[in-house]
Amino acid sequence: MSVLGIDFGGTKVALRVESADGARRDERLRIGADEPAVSVLERTFAAAARLAEPGVVDAVGVSTPGIVFDDRVDLAPNVVGWSELDLAGRFRDAFGAVPVAIENDVKAAALAEARAGALRGTRVGLYVNLGTGIAIAPVLDGRVLRGAHGAAGEIGYGIVGAVSEWRAGVPTLEEFAGGSGLERRVAADGHVPASDVPGLIAARGTSPAADEMWSGTIDEIARHLITAALTCDPSRIVVGGGMTRAGSALFQPLSERLGTALPYAPELLLSEFGPDASLRGAVMLADDAVEA
């Protein structure tokens, strides 16, 4: 038996064929700037054929940004045209009778962490993605909470500042503190001696403007995580995503803020699978589809 896992991101596609004996074959694709969704899919299907001919694999698991429905993927702006795609239909056409399971990328990562990673054995946990996008996934008794529309944990759409001012241009959490949004703020701020997020982090301690911007970013992330933690009372929070490359510059102040504000502070851990978490989750979705 072998399964195919595919993880779509904003700038890349990761594919993995995994056999029952544990053997793996991987391939990575870069998504071009402004490359249309149809082109990304066509190249992905060609890469899948190189790894394992459709029909040879027993199931396919897919992780994708956005909210997954049977005929579309909502709220997936990073690839041009992605939200207009009938993603499930395209995969059915490409793989025929082979079962295909499609899930949101953060929820797929949470599944991997819950079953085999840093959330393993945790009755109530929270997976947090801090990257280009920001989202969480509550995990209850090993199961990832999806919500009524599959949109549970989309805190990136939370409002920074007063809700009454939102339509006047107040940013969402993702626009303010996500990787791309923070990069834009750094580039636009003439007082911060940096041009990107790594430069912002490196300038801390030598630039009051850099200290203020980074501290404000952590404050806003912490504010939303505190609300989420108060809602589900996790014993453990696992953080993944590109911003974890900031290391202690992220984890120390975030842990301090959570510990100060929460009556029962959860343990804060780094994702065990790192950038591979969503792909690992996609493979697990494929395994589940075989069993079903």
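**Reading a sheet and an aromatic cluster**

In this predicted model, five strands form an open sheet: 5 strands in the order β10-β9-β8-β11-β12, with mixed pairing.

Student: What makes β10 and β12 edge strands?

Tutor: β10 (143–144) and β12 (267–270) each have a single partner strand, so one side of each lacks a neighbour in the sheet.

Student: How do you know that β9 and β10 pair?

Tutor: Pairing requires at least two bridges between the strands. Strand β9 (residues 134–140) and β10 share 2 bridges, so they meet that cut-off. The sense is antiparallel. Leu 140 stands opposite Arg 143 in β10.

Student: Which strands does helix α3 touch?

Tutor: Helix α3 (residues 105–116) packs on the sheet and touches β8 (124–130), β9, β10 and β11 (236–240). The direction of α3 makes about 40° with that of β9.

Student: And what does helix α7 touch?

Tutor: Helix α7 (residues 208–232) also packs on the sheet, touching β8 and β9. Its direction makes about 160° with that of β8.

Student: Now the rings. How many aromatic pairs are there?

Tutor: A search of the whole structure gives 5 aromatic pairs. Phe 91 and Phe 95 form one of them.

Student: How far apart are Phe 91 and Phe 95 along helix α2?

Tutor: They are 4 residues apart in α2 (residues 87–95), so about one helical turn separates them. An α-helix has 3.6 residues a turn, so residues three or four places apart point the same way.

Student: Are Phe 91 and Phe 95 buried or exposed?

Tutor: Both are buried. In α2, Leu 87, Ala 88 and Gly 89 are buried as well. The buried residues of α2 pack against β1 (2–8), α1 (37–51), β4 (59–64), β6 (73–74) and β7 (100–104).

Student: Which residues make up the ring cluster?

Tutor: Ring pairs link Phe 8, Phe 45, Trp 82, Phe 91 and Phe 95.

Student: What places Arg 72 over the face of Phe 69?

Tutor: The distance limit is 6 Å from the ring centre, and the charge must also be within 35 degrees of the ring normal. Arg 72 lies over the face at 4.1 Å. Arg 185 lies over the face of Phe 176, at 3.7 Å from the ring centre.

How values were computed
Residues are numbered from 1 along each chain as its sequence is written. This is a predicted model: local features need pLDDT of at least 70, side-chain atom pairs count only at pLDDT 80 or more; totals for chains, interfaces and linings use all residues. Side-chain values use heavy atoms; hydrogens and water are left out. Rings of Phe, Tyr and Trp (its six-membered ring) pair if their centres lie within 6.5 Å; planes under 30 degrees apart count as stacked, over 60 as edge-to-face and the rest as tilted. Buried means under 20% relative accessible area, exposed over 50%, partly exposed in between (1.4 Å probe, protein chains only). Contact means heavy atoms within 4.5 Å. Axes are lines fitted to C-alpha atoms, for helices over the stretch in contact, and angles run from 0 to 180 degrees between N-to-C directions.
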